[in-house]
Amino acid sequence: MGKSIQLQRALGYFHGVSFLIGSMIGAGIFVTPKGVLKYSSLNVGVTLLIWGLSALASMMAALCYAELGTTFSCSGAQYVFLKRSLGSPFAFIYTWDRQFTSSATTAARTLLLAEYMTQPFYRGCSVPELSKKCLALAILWSLGILNARSVKRVSGVQVAITGLKLAVLGLIALSGLVLLGRGRKENTARFENAFGTELPGAVQWTEAFFQGLFAYSGWGILVHMAGELRNPGVNIPRCVLTAFPIVTVIYLLVNISYLTVLTPKEIVSSAAVAVTWADRVIPAVAWVIPVGVSASIFGSLLCSLFSASRLNYAASQEGHLPLLFSMLNVHSSPAPAVVQVITLASILIIPSDLISLINYLGFTNWIQIGLMMTGLIILRYREPHLPRPYKVFLPFAFGTVAISLFLILTPMVLAPKMHYVYVFLFILGGLLLYLPFVHFKIRFAWFDKITCHLQLLMNVSPPHGTDGSKTREATSL
């Protein structure tokens with residue numbers, strides 16, 4: 001193609017913080033407060049405690065992940081690390097699971113964004129499914145084109161969107177503090193004897209914890225994009241330590257603001273907590289809240305597509321996905337990997353039971369995290385002299401394994417449901433593809449011809465002596 005094509009380390013500390021905040025602050029803070037409160041038995045003290053514990057658990061896991069991204073500083077570092085620590089089958093199953101969980105989550109967020117954007121045109125009635133899905137597809141493919149064009153453009157848009165969503169959440173948080181400062185009984189009543197009501201049971205604690213953790217999800221994005229960060233050994237842990245306190249303080253203040261204005265029962269019964277809050281506090285400019293929700297979902301979607309495509313890029317370099325997904329276009333972007341993610345997400349937009357699919361696959365995230373932490377502990381003892389620019393405090397890894405076991409086993413033991421069995425069968429189903437196509441390396445000549453034609457159609461080529469060689473070197477035992 002006339003010049004060397006490779007992933008560029010074009011993102012610095014400020015961009016990393018923006019991506020991390022943008023990835024975590026999505027629809028969660030506007031959706032999950034009612035879920036946390038519901039499963040906390042409407043106990044205000046337990047609710048705020050859950051939000052704080054969710055932040056600590058997420059930050060602890062993120063700091064552990066930071067060691068993965070600094071030790072294997074290439075795109076898709078989670079996959080690379082898992083292959084080295086636990087072996088090729090686990091890495092493939094991880095990739096197999098992420099293909100569907102990432103795409104399903106992306107599809108759900110796109111539908112939610114489309115609903116918020118079309119709802120003002122259908123006041124007093126529900127949005128037609130066809131209109132919503134057509135807009136969702138248009139949004140999804142527009143974001144895909146942006147991701148395939150330029151990393152710098154993506155980072156620029158992400159910085160702007162992050163600023164907008166922080167401004168909206170800051171408005172909610174500061175308004176709540178002002179109302180509390182006035183000391184009126186109707187605003188402070190919920191915080192007097194906050195733990196005085198009924199306490200939730202073990203299963204309810206787990207469900208509330210899942211709700212809180214969902215609001216902080218997305219903290220692994222820096223590890224996926226480690227190959228495009230400048231000086232990842234320093235910047236990844238610095239970004240985590242900067243972004244998490246900001247997000248945690250904002251989340252706690254926003255929840256306090258909700259509880260200052262609304263009763264727990266009003267929050268649980270509200271279809272859109274932030275909109276209900278705005279109608280009470282700032283009715284003249286209540287339209288700001290839907291704008292903030294849309295910006296939050298848009299930013300998290302941008303991050304999701306970015307990180308998911310980098311995982312496919314890394315897995316393709318190791319032969320766990322078709323070779324086409326490891327090819328780059330002239331903008332140094334893995335365009336085929338981006339197209340694959342948005343194509344699968346587009347298919348998942350079509351069915352009406354998408355939310356059920358998310359419920360079935362959602363808790364696999366903590367199975368993956370538990371495997372990652374187990375691999376980190378194994379590799380720390382098996383290869384103590386492996387160069388590690390940053391080493392996490394090892395008890396954090398043991399603590400994260402304990403949290404993942406609690407979140408996975410508690411609902412399965414105390415409230416067993418069949419969909420847990422379906423999830424495990426789905427995960428193990430990846431082995432049906434691993435054995436013939438990876439372990440026994442079965443190849444078809446016609447598939448190579450299709451790859452060649454698609455390469456010409458998309459104008460992409462393999463990277464030239466960069467991230468790919470580093471990845472292969474890192475994973476060789």
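Buried means under 20% relative accessible area, exposed over 50%, and partly exposed in between, with a 1.4 Å probe and protein chains only. All views show a predicted model, in which local features need pLDDT of at least 70 and side-chain atom pairs count only at pLDDT 80 or more, while totals for chains, interfaces and linings use all residues. Residues are numbered from 1 along each chain as its sequence is written, and side-chain values use heavy atoms, with hydrogens and water left out.

**View 1. Asparagine 459 has a positive phi in the loop between α21 (445-458) and α22 (467-475).** Its phi is near 55 degrees, and the residue is not a glycine. Asparagine 459 is partly exposed because its relative accessibility is 43%. Helices (H or I, at least four residues) and strands (E, at least two) are DSSP runs, numbered from the N terminus.

**View 2. Leucine 42 also has a positive phi, of about 60 degrees.** Leucine 42 sits in the loop between α2 and α3. With a relative accessible area of 28%, this leucine is partly exposed. Most residues other than glycine have a negative phi.

**View 3. The largest nonpolar core has 133 residues.** Such a core is a set of buried Ala, Val, Leu, Ile, Met, Phe, Trp, Tyr and Cys residues joined through side-chain atoms within 4.5 Å. Trp219, Tyr251 and Tyr258 have the most contacts inside the core. Helix α3 (residues 44-71) gives the most to this core, with 15 residues. A second, separate core of five residues includes Ala148, Leu324, Met327 and Ala335.

**View 4. The surroundings of tyrosine 258 include Ile29, Phe30 and Pro33.** Contact means heavy atoms within 4.5 Å. Neighbours within four places in sequence aside, tyrosine 258 is also in contact with Ile172, Ile267, Val273, Ala274 and Trp277.

**View 5. Serine 58 and threonine 32 are buried residues in helices α3 and α2 (residues 28-39).** Serine 58 has 1% relative accessibility. Not counting residues up to four places away in sequence, serine 58 touches Leu213, Tyr216, Trp219 and Phe244. Threonine 32 has 2% relative accessibility. With neighbours within four places in sequence left aside, threonine 32 is in contact with Trp51, Gln211, Phe214 and Ala215.

**View 6. Helices α4 (residues 77-86) and α17 (residues 364-382) cross at roughly 55 degrees, and their axes come within 9 Å.** The angle makes α4 oblique to α17. Axes are lines fitted to C-alpha atoms, for helices over the stretch in contact, and angles run from 0 to 180 degrees between N-to-C directions. Angles under 35 degrees count as roughly parallel, over 145 as roughly antiparallel, 65 to 115 as roughly perpendicular and the rest as oblique. Residues of α4 that meet α17 include Phe81, Leu82 and Leu86, and those on the α17 side include Leu371, Met372 and Leu379.

**View 7. Valine 281 lies in helix α13 (residues 273-281).** Valine 281 is partly exposed, at 26% relative accessible area. Its contacts, leaving aside neighbours within four places in sequence, are Ser175, Leu179 and Val261. The C-alpha atoms of valine 281 and serine 404 are separated by 39 Å.

**View 8. Cysteine 74 is buried, at 3% relative accessibility.** The structure holds zero disulfides, a disulfide being a pair of cysteine sulfur atoms within 2.5 Å. The closest cysteine sulfur to that of cysteine 74 is in cysteine 239, 17 Å away and so too far for a bond. Cysteine 452 is partly exposed, at 42% relative accessibility.
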